[in-house]
Amino acid sequence: MKLQNRHLLGLEGMSKDDITLILDTAESFKEVLERPIKKVPPLQGKTIVNLFFENSTRTRISFELAERRLSADVVNFTTSGSSVAKGETLKDTARNIEAMKIDMVVVRHSSAGVPHFLSRVVKANVINAGDGLHEHPTQALLDMMTLRQKYKTLEGLRVCIVGDILHSRVARSNIFGLTTMGAEVSVCGPATLIPRYIERLGVRVYHRLEDVIPHIDVLNVLRIQLERQKSGLFPSLREFHRYFGVTKEKIEKAQHPITIMHPGPINRDVELSADLADGPHSVILEQVTNGVAVRMAVLYLLGLSN
Ligand code: CP
């Protein structure tokens, strides 16, 4: 079985069959990760470059681990110390990568559309590791894998994404993926942090956590982007925490267990209380573990397309 596309640029428009194929393949790789020797040979002889033009901890380490577990040769690139700092254009960087016969490119960039641009100018498979406010497809895939493990199916699962939806590529990829898989998706946050017309993506909008909590199974809590505070989109962190911070007291009102997710990095006691982040309903570290298996699946399946 192969994916329909030879790049992973986003989950918008990806079919249910392709998402299911990635999640099923990730389950097999998860089993590999539990073996004493966690290495398999499918990408032996392939070279992968990780192009990170923006900071990352989880995604960068997770991709590198996934690549090494599949026996690929790995090259890491970050903006500092590269010729981008000397003014080299993205197109020239891409052409140089091409000249070095790289097989796959994993790219994170602050501008939306960079992975799409690269996919048009290089022959390598391109994987989006987060582009601006647009998409972060492997994050949504690992989120879906984590939920599928817990609930067996995503069909009919009630998931609310809470916080700064406006600036979140994680929210967009989750909305595309989860709605395709048949989940009921809602978003909750202050009006200033919810994009206009988001209902057109098939989600319900709430502005009070108290209104949505009784009706959901899962809360996917987003990082409040502290750098946005100065732009006046919310008055203070204390006020944000009071109305949209997810706490034990608020979720206990549901009278049924609610699964807590967070893509990281967490601002503890701002968008999510520390006791919930570390508590029994949190699957945050399972998300991180599943990230390696999902990225192995994506790299393996895209490798089959060559
Ligand atoms: N979830 C996520 O993308 O984290 P990083 O920014 O650390 O990669």
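Reader: How much space lies in the largest pocket?

Author: Rolling a probe the size of a water molecule over the atoms shows where empty space is left. On a 1 Å grid over the protein atoms alone, a pocket is an open set of points with protein on both sides within 12 Å along at least five of seven lines, where a 1.4 Å probe fits; its lining residues have an atom within 4 Å of a point. Points are joined across faces, edges and corners, and the volume is the space filled by probe spheres set on them. Here the largest pocket holds about 540 Å³. Its lining comprises 25 residues, and R108, R169, R223, G264 and P265 are the closest to its centre. Two elements each give two or more residues to this lining, α2 (58-69) and α6 (169-180); helices (H or I, at least four residues) and strands (E, at least two) are DSSP runs, numbered from the N terminus.

The model is predicted: local features need pLDDT of at least 70 and side-chain atom pairs 80 or more, while totals for chains, interfaces and linings use all residues. Residues are numbered from 1 along each chain as its sequence is written, and side-chain values use heavy atoms, without hydrogens and water.

Reader: What is the volume of the second largest pocket, and which residues lie nearest its centre?

Author: Its volume is about 270 Å³. Of the 21 residues that line it, R58, H262, I284, L285 and V288 are nearest the centre. Two or more residues come from each of α2, α5 (137-151) and α11 (284-304), and α11 gives the most, with six. By class, the lining has eight nonpolar, eight polar and five charged residues. The second largest pocket also lies between domain 1 and domain 2, since both contribute to the lining.

Reader: Which peptide bond is cis?

Author: The bond from G264 to P265 is cis, with omega near -5°. P265 is placed in the loop between β9 (259-261) and α10 (274-277), and both G264 and P265 were named among the residues closest to the centre of the largest pocket.

Reader: Is S71, with its positive phi, buried or exposed?

Author: Buried means under 20% relative accessible area, exposed over 50%, and partly exposed in between (1.4 Å probe, protein chains only). S71 has a phi of about 70° although it is not a glycine, and at 15% it is buried. This residue sits in the loop between α2 and β2 (73-78), and its side chain reaches the backbone oxygen of V40 at 2.7 Å. K152 likewise has a positive phi, about 75°, without being a glycine. K152 lies in the loop between α5 and β5 (158-162) and is exposed, at 67%.

Definitions and conventions:
Ala, Val, Leu, Ile, Met, Phe, Trp, Tyr, Cys and Pro count as nonpolar, Asp, Glu, Lys and Arg as charged, and the others, Gly among them, as polar. Domain bounds come from an automatic or database domain assignment. A polar contact is a pair of N or O atoms within 3.5 Å; within protein, one must be able to donate a hydrogen and the other to accept it, and residues adjacent in sequence count only if both atoms are side-chain atoms.
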